[in-house]
Amino acid sequence: MSSGLDLLSPEGLRIDGRRANELRRVNCKTGILVQADGSAYIEQGNTKCIATVYGPREPSHKNLQYHDRASINVEYSIATFSTSERKQRSKMDRRFIEIANIVKQTFETAVITSLYPRSQIDIYLQILQIDGGALHTSINAATLALIDAGIPMKEYVCACSAGCVEDTPILDLNYFEENNFTPTLTVAVMPNSGKISTLVSESRLHLDKFEPVFNLAVSGCKQLHSVFDDVIRKSTTELANRVMEKQKE
């Protein structure tokens, strides 16, 4: 395992050529699966995720039914071809369940579930390729898929990670950085209100370094919000144009 010093060059560049405060390339699209009520595909660097949303619909089990709100169900999985290991993992994998619960709790505070009592909203997340940031990429994919499904939320939920190499905060960690003993925070934010939906620490981070790392993660969330808002506005405009064209026929 390389030392932390190898993660930043003397010029301040990371192993993938980014500056410390630079996001990975982001590519995303909504409405990719016609069978689902909502869907989205996102690439953050080389990490790729598909999110599908079904519902609101009748709960699959009565114990998931609440008289005053909808329940949110999240399932998370990683494709066997997503890493070089080709390792088959069960849906009951502890890490899968942990990530699914974090995503569930994140959106229980963002989705206006009171509009759909006695119903269930299902979010299915699959990582197609993993290169770090699986959790925050999944949260971002779920946000786009929920918007595509027309499910009302208080506002966008945008997530990003940040870590610290020596005394330098770094944004949006890749797989190599995550696995080099880099203290890491994953933050999910509602950018307009500034409310924190999720804060996950993967390892110990000294209190003196917490604030700059946290602030950098929040700045990454705000940058992603701008990207996602542009994508949603573009897809909404395209949909409106198609509807108008059909009405003219």
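Colleague: What should I know before I start?
Modeller: It's a predicted model, where local features need pLDDT of at least 70 and side-chain atom pairs count only at pLDDT 80 or more, while totals for chains, interfaces and linings use all residues. Residues are numbered from 1 along each chain as its sequence is written, and side-chain values use heavy atoms, with hydrogens and water left out.

Colleague: Okay, how much space lies in the second largest pocket?
Modeller: About 360 Å³. A pocket here is an open set of points on a 1 Å grid over the protein atoms alone, where a 1.4 Å probe fits, with protein on both sides within 12 Å along at least five of seven lines. The volume is the space filled by probe spheres set on the points, which are joined across faces, edges and corners.

Colleague: Which residues lie nearest its centre?
Modeller: Thr30, Asp148, Ser235, Thr236 and Glu238, out of 14 lining residues. Lining residues have an atom within 4 Å of a point.

Colleague: And which element gives the largest share of that lining?
Modeller: α4, with eight residues. β1 (26-30), α2 (134-148) and α4 (207-248) each supply at least two. Helices (H or I, at least four residues) and strands (E, at least two) are DSSP runs, numbered from the N terminus.

Colleague: What's the lining like by class?
Modeller: Five nonpolar, four polar and five charged residues. Ala, Val, Leu, Ile, Met, Phe, Trp, Tyr, Cys and Pro count as nonpolar, Asp, Glu, Lys and Arg as charged, and the others, Gly among them, as polar.

Colleague: Switching topic, how many aromatic pairs are there?
Modeller: Three. Rings of Phe, Tyr and Trp (its six-membered ring) pair if their centres lie within 6.5 Å; planes under 30 degrees apart count as stacked, over 60 as edge-to-face and the rest as tilted. One of them is Tyr54 with Tyr124, edge-to-face at 5.9 Å centre to centre and 70° between the planes.

Colleague: Why does that pair tie together parts that are 70 residues apart in sequence?
Modeller: Because Tyr54 lies in strand β3 (residues 47-57) and Tyr124 in strand β5 (residues 120-129). Tyr54 is partly exposed at 23% relative accessibility, and Tyr124 is partly exposed at 27%. The cut-offs are under 20% relative accessible area for buried, over 50% for exposed and partly exposed in between (1.4 Å probe, protein chains only).

Colleague: Is Phe214 buried or exposed?
Modeller: Phe214 is buried, with a relative accessible area of 18%, whereas Phe210 is partly exposed at 28%.

Colleague: Which residues have a positive phi?
Modeller: Arg118, at about 60°, and Glu166, near 55°, are among them. Arg118 is in the loop between α1 (94-108) and β5 and is partly exposed at 48%. Glu166 lies in the loop between β6 (158-165) and β7 (168-171), and Glu166 is partly exposed too, at 49% relative accessibility.
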